[in-house]
Amino acid sequence: MRVIGLKCRVCGREFPNAPLYACDNCFGPLEVIYNWEFIAERTSKEKVEKGPKSIWRYADLLPVDTLKPVDLGAGYTRFIKADNLGEEIGLKNLYLLDDSTNPTYSFKDRVVSVAVTKAIEFGMKAVGCASTGNLAGSLAAHAAKAKLPSYIFVPRGIEKNKIIQAVVHGAKIIEVEGTYDDANRLATEIAEENPEWGFVNINLRPYYVEGSKTLAYETVERLGWMTPDQVVVPMGSGALLCAIFRGFTDLERVGFIDDNKVTLNGAQPRGLPIAKAVKYGGNVEPVKKLETIVHSLAIGNPADGIFAKEIIKKTGGSAEDPSDEETVEAVKLLAKTEGIFTELAGGVTIAALKKLVEDGSIDSYDVVVAYLTGNGLKTPEVILNYIPETIQIRPRIEEFEKVVVA
Ligand SMILES: *Cc1c(COP(=O)(O)O)cnc(C)c1O
Ligand SMILES: [Zn+2]
């Protein structure tokens with residue numbers, strides 16, 4: 001078996017392989033303990049390379065023992081060398097891992113595919129989550145495939161496209177008056193009352209977050225089994241950044257890379273706790289009011305904030321906190337240089353990348369990978385206010401020639 005059990009990330013107390021998430025000693029979050037000897041004996045680069053073109057090519061390094069994953073095809077998304085954008089911002093070796101092409105158009109498919117598979121392994125009767133938007137659509141789709149009912153808690157006022165996407169798959173959407181943090185608190189209470197339900201980012205969280213490690217695996221595989229010098233990761237709760245770090249470390253454990261010297265940089269909208277603490281000093285303090293248009297990253301009380309800050313510091317990285325205007329400009333810059341329309345979280349990442357190059361944290365010859373975690377078509381209403389109007393004419397060539405000067 002690949003999974004030995006769970007371990008508290010704060011005090012180290014160990015727990016069985018079960019839907020648990022908080023330590024009964026210190027309330028710290030739990031993480032998966034793997035049987036690395038068992039895994040190293042079975043996995044190899046050649047086996048990975050022959051695997052399916054999805055996250056399940058790394059099945060040996062994921063926390064499930066089941067042979068039949070709930071798989072809509074998450075992962076193994078576009079990995080491109082972004083020379084146009086690189087030239088624009090001063091980088092010679094810039095790569096983008098573009099998760100806007102995942103089955104439900106965000107990186108959340110990676111975590112959900114693992115978590116719903118785990119829910120089936122545990123024999124759970126339903127699945128649920130608290131979501132800032134992308135998780136909702138992804139969970140609804142994977143639950144449909146797994147033939148499980150799903151209950152999804154979102155804050156009022158998230159983007160309409162994200163609600164539609166979840167509802168169409170048959171999920172029950174519960175809009176909660178308040179922020180994501182309020183929705184998450186309520187969902188946590190409900191998870192406590194219903195142990196037969198797998199709330200992917202609550203009682204399945206230790207397993208769920210492991211799906212994000214595949215971003216690190218793909219990065220290294222697509223670079224020809226080399227590690228990049230630096231990566232830039234968008235942060236909401238900080239879970240993704242922590243998982244990418246563990247992903248690089250895992251590859252070292254199984255001998256796919258020599259040693260993990262990747263520098264991790266975080267990107268978060270201005271005013272949110274993790275980037276604030278890293279950039280301006282002090283602790284990761286929760287904030288109540290979330291004043292950003294980037295809803296997918298709007299988490300005021302980030303579960304992995306302290307750990308994300310530690311990893312950024314430990315690997316010699318930085319954090320940047322672009323404003324909403326800088327974020328929108330970055331979405332447009334990426335679209336115009338690389339032909340990729342990313343959602344605002346991707347804008348935060350590209351805006352942060354640009355700042356990191358400007359202030360010298362990233363060198364122009366560094367091999368850099370930036371993660372684009374969602375698709376721009378999910379949040380069109382936000383971008384609509386920042387793009388030029390269309391040209392409207394009657395179907396006559398004179399009218400066309402009048403408005404367009406060649
Ligand atoms: C969820 C999400 C993230 C990362 O969130 P974490 O909570 O830090 O793991 C990044 N980008 C998008 C688009 C997301 O939906
Ligand atoms: Zn503990």
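Biologist: Why is Arg 156 called partly exposed?

Modeller: Its relative accessible area is 49%. Buried means under 20%, exposed means over 50%, and partly exposed is what lies in between (1.4 Å probe, protein chains only). Arg 156 therefore counts as partly exposed. Note that this is a predicted model: local features need pLDDT of at least 70, side-chain atom pairs count only at pLDDT 80 or more, totals for chains, interfaces and linings use all residues, and side-chain values use heavy atoms, with hydrogens and water left out. Residues are numbered from 1 along each chain as its sequence is written, while chains are lettered from A and ligands numbered from 1 in the order in which they are written.

Biologist: And what makes Glu 177 exposed?

Modeller: Its value is 59%, so Glu 177 is exposed.

Biologist: How do you know that Glu 177 and Arg 156 form a salt bridge?

Modeller: The rule asks for a side-chain nitrogen of Lys or Arg within 4 Å of a carboxyl oxygen of Asp or Glu. The closest N and O atoms of this pair are 3.1 Å apart. The pair passes. Its partners sit in two loops, 21 residues apart. The structure holds 31 salt bridges.

Biologist: What makes Lys 213 and Asp 250 one of them?

Modeller: An N to O distance of 2.5 Å. Lys 213 is in helix H9 and Asp 250 in helix H10, 37 residues apart. Helices here are DSSP runs (H or I, at least four residues), numbered from the N terminus. Both residues are buried.

Biologist: Why is Asp 321 called buried?

Modeller: Its relative accessibility is 3%, so Asp 321 counts as buried. Lys 279, at 33%, counts as partly exposed. Salt bridges with shared partners join both residues, along with Arg 270, Glu 320, Glu 326 and Lys 355, into one network.

Biologist: Why is Thr 349 called buried?

Modeller: It has a relative accessible area of 0%, so the label holds. Thr 349 is in helix H14. Residues it touches (heavy atoms within 4.5 Å) include Val 232, Pro 234 and Tyr 371.

Methods. Lists of a residue's contacts leave out its neighbours within four places in sequence.
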